Amino acid sequence: MKTVFVTVGTTSFDELIESITSPETVEALKARGYERLVLQVGRGSLLPAAHSCPHIRLQAYRFKDSIAEDLKQADLVISHAGAGSCLEALGAGKSLLVVVNDKLMNNHQLEMARQLHMDSHLLYCTCSTLTQTLRMMDLSVLQPFLPGQPKNFANFLDKALGVQ
């Protein structure tokens, strides 16, 4: 069963949860063959019920000790742009669509997502462009991000955040 795993990490990102469970977005997921949607909603105020998306199997939870099993089962990961969540999904070798929270001030997440996108490791969008991105995305262009190279990641972060 083709599965999408959505994670917001330890944060609150209700706008992403609202966007991914909207009828238009669920229809875009179904059109791409996804049948199951697993949401990790963190500290957000929304915890959608299983029956709230009638055309897709929905499971939602706040936190688990580990999201490794959800990542393993996912065909697509949709994540907030937190560095930890991005690295965990990329390290698991998953296709990753990052949704940048454009409501944040001094948004380092946008720079990181933009750089990882320029390096062909992920796709990114905002909540307002999520449905269109899902309709148009081409996951075949994504390249693996090789984990376990802390020096390379440190250099990448310096480059993405303009510290070099």
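1. Basis of the note. The model is a predicted one, in which local features need pLDDT of at least 70, side-chain atom pairs count only at pLDDT 80 or more, and totals for chains, interfaces and linings use all residues. Residues are numbered from 1 along each chain as its sequence is written, and side-chain values use heavy atoms, with hydrogens and water left out.

2. Overall composition. The chain contains seven helices and six strands, where helices (H or I, at least four residues) and strands (E, at least two) are DSSP runs numbered from the N terminus. Read from the N terminus on, the elements follow the order β-α-α-β-β-α-β-α-β-α-β-α-α. Of the 164 residues, 47% are buried, a term that stands for under 20% relative accessible area, with exposed meaning over 50% and partly exposed in between (1.4 Å probe, protein chains only). Carbon and sulfur atoms account for 53% of an accessible surface of about 8400 Å², computed by the Shrake-Rupley method with a 1.4 Å probe. Among contacts (heavy atoms within 4.5 Å) between residues at least 6 apart in sequence, 58% join residues at least 24 apart.

3. The sheet. Six strands form an open sheet with parallel pairing, in the order β3-β2-β1-β4-β5-β6; two strands are taken to pair if DSSP finds at least two bridges between them. The edge strands, each pairing on one side only, are β3 (57-61) and β6 (123-126). Neighbouring strands are turned against each other by 20° on average, direction ignored, the axes being lines fitted to C-alpha atoms (for helices over the stretch in contact) and the angles running from 0 to 180 degrees between N-to-C directions.

4. Strand β1. Five bridges join β1 to β2 in the parallel sense, with V4 opposite L37, while four bridges, also parallel, join β1 to β4, with V6 opposite I78.

5. Helix α2. Within α2 (residues 23-31), T25, V26, A28 and L29 are buried. These residues lie on the same side of α2 because they cover an arc of only 155° around the axis, taken from the directions from the helix axis to the C-beta atoms. On the other side of α2, P23, E27 and A31 are exposed. The cover over the buried residues includes β1 (3-7), α1 (14-20), β2 and α6 (130-136). After α2 comes G33, with a positive phi near 90°.

6. Residue Q40. Which strand holds Q40? Q40 belongs to β2 (residues 36-40) and is buried, at a relative accessible area of 3%. A polar atom of the Q40 side chain lies 3.1 Å from the backbone nitrogen of V8. Leaving aside residues up to four places away in sequence, Q40 touches F5, V6, T7, V8, G9, Y61, R62 and F63.

Terms used. A polar contact is a pair of N or O atoms within 3.5 Å; within protein, one must be able to donate a hydrogen and the other to accept it, and residues adjacent in sequence count only if both atoms are side-chain atoms.
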